[in-house]
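Here's a quick tour for anyone opening this structure for the first time. Have the sequence and the 3D view side by side, and let's walk through it together.

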Amino acid sequence: MPASVTCTSPPFKEYAKLINKVSHNLGANLLPPLMAVQHGQRTYADGMKIERDFLARSGIDPHSLTLVDAQGLPGDKATPAAQLALLRHLARQDNFDVFYDSMPSMGVDGSLADVIERTNPAAGHIRAKTGTLVSAYKGKLALGTKALAGYIDAKDGHRYAFAIYVNNIPVPSNSVSDAIDLALRANKQLGAMAANICKSPKA
C-alpha cells in the first residue's frame, strides 16, 4: 500500500494575510465553507449565515449591509457606518493583532505598497483594505465602487478607524483598460486622503 500523506495547512493568520495583503478573492470566498465546517455544518450558505450572525452580534445594523458572498462581488453592499462599526468591534477583540497584521501597510507592502511614496510620513502608519468593483452605471462602464477602510495611527498619537468610498464614476472611453487606470488613480487619491488624515486628523 502507498504511504499515507498528511497535508497540514498554515496557521489561519497566514491565510488571512494571503487574503488581505493582495486581495485574494478566491481565498476570501473559501471562508464561509471553512466556518461552516468549524461549526459542524457543510454548505456555503451555512457559512454565510454564520458570518451574518457574527455581524449582527457585533452591533451592526442589518439594514446597513447586504452580503451575497464573501468576496465583494456585485450585490454585496455595506455603508461606511457599517464598515466603521465592524472595524471598531474588531479593534476590541483579543485577537485583533491577527487581523491588523493581515492588512496591507500603506507605502510598505501588499496592495497599498505603491499608493503613497515610502518617504511619505504616513507610510507604515496606515493599515487598510481596498475594495474595487467595475460595473455598469446608466448604461456605461463605470468604476462602481472604490473603497479604502482600515486604521490610521495618526500623528496626534491616536488610532482612528476610517472608511472612504467613491461610487459610480463613469469611465470616459467605456473601455476595460481605462476602467483599470481609473481604479488605480482612485486608489492613489484615496490613499492621499488617508495620508492627510494621518498628518492632520482633525483638520
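**A first look**

Let's start in strand β5, which is where Asn 168 is found. Keep in mind that what you're looking at is a predicted model. Asn 168 has a phi near 55°, a positive value in a residue other than glycine.

**Positive phi values**

- As background, most residues other than glycine have a negative phi.
- Ser 23 isn't a glycine either, yet its phi is positive, at about 55°.
- You'll find Ser 23 in the loop between α1 and α2, and with a relative accessible area of 24% it is partly exposed.
- Lys 138 also takes a positive phi near 55°, in the hairpin of β3 and β4, which has two residues between the strands.

**The sheet**

- How are the strands arranged? Three of them make an open sheet in the order β3-β4-β5, and the pairing is antiparallel.
- The edges belong to β3 (126–137) and β5 (159–170), and each has a single partner strand, so one side of each has no neighbour in the sheet.
- Going from one strand to the next, the twist averages 10°.
- As a general point, strands of a sheet pair through backbone hydrogen bonds.
- Between β3 and β4 (residues 140–153), which run antiparallel, there are 12 bridges.
- If you want landmarks along this pair, Val 134 stands opposite Leu 143 in β4, and Thr 130 stands opposite Leu 148, also in β4.

**Helices on the sheet**

- Helix α5 (residues 80–91) packs on the sheet, where it touches β4 and β5.
- The direction of α5 makes about 150° with that of β5.
- Helix α7 (residues 176–199) lies across β3, β4 and β5.
- Relative to β4, helix α7 runs at about 25°.

**Where α3 meets α4**

- Two packed helices are described by the angle between their axes and the distance between the axes.
- For helix α3 (residues 31–38) and helix α4 (residues 44–57), that angle is about 85° and the axes are 7 Å apart.
- That makes α3 roughly perpendicular to α4, because angles of 65 to 115 degrees are counted that way.
- On the α3 side, the residues that meet α4 are Pro 32, Pro 33, Met 35 and Ala 36.
- Their counterparts in α4 are Tyr 44, Asp 46, Gly 47, Met 48, Ile 50 and Glu 51.
- Sorted by class, this contact of α3 with α4 has seven nonpolar, one polar and two charged residues.

**Leu 31**

- Leu 31 is found in helix α3, and it is partly exposed, with a relative accessible area of 22%.
- Not counting residues up to four places away in sequence, Leu 31 touches Phe 12, Tyr 15 and Ile 19.
- Leu 31 and Met 48 are 17 residues apart in sequence, and their C-alpha atoms are 8.9 Å apart in space.

**Two buried asparagines**

- Is Asn 29 buried or exposed? Asn 29 is buried, because its relative accessibility is 19% and the cut-off is under 20%.
- Asn 29 lies in helix α2 (residues 25–29).
- The side chain of Asn 29 is joined to that of Tyr 44 by a polar contact of 2.5 Å.
- Leaving aside neighbours within four places in sequence, Asn 29 is in contact with Tyr 44, Asp 69, Ala 70 and Gln 71.
- Asn 20 lies in helix α1 (residues 12–22), and it is buried too, with a relative accessible area of 15%.

Methods. Residues are numbered from 1 along each chain as its sequence is written. This is a predicted model: local features need pLDDT of at least 70, side-chain atom pairs count only at pLDDT 80 or more; totals for chains, interfaces and linings use all residues. Side-chain values use heavy atoms; hydrogens and water are left out. Helices (H or I, at least four residues) and strands (E, at least two) are DSSP runs, numbered from the N terminus. Buried means under 20% relative accessible area, exposed over 50%, partly exposed in between (1.4 Å probe, protein chains only). A polar contact is a pair of N or O atoms within 3.5 Å; within protein, one must be able to donate a hydrogen and the other to accept it, and residues adjacent in sequence count only if both atoms are side-chain atoms. Contact means heavy atoms within 4.5 Å. Two strands pair if DSSP finds at least two bridges between them. Axes are lines fitted to C-alpha atoms, for helices over the stretch in contact, and angles run from 0 to 180 degrees between N-to-C directions. Angles under 35 degrees count as roughly parallel, over 145 as roughly antiparallel, 65 to 115 as roughly perpendicular and the rest as oblique. Ala, Val, Leu, Ile, Met, Phe, Trp, Tyr, Cys and Pro count as nonpolar, Asp, Glu, Lys and Arg as charged, and the others, Gly among them, as polar.
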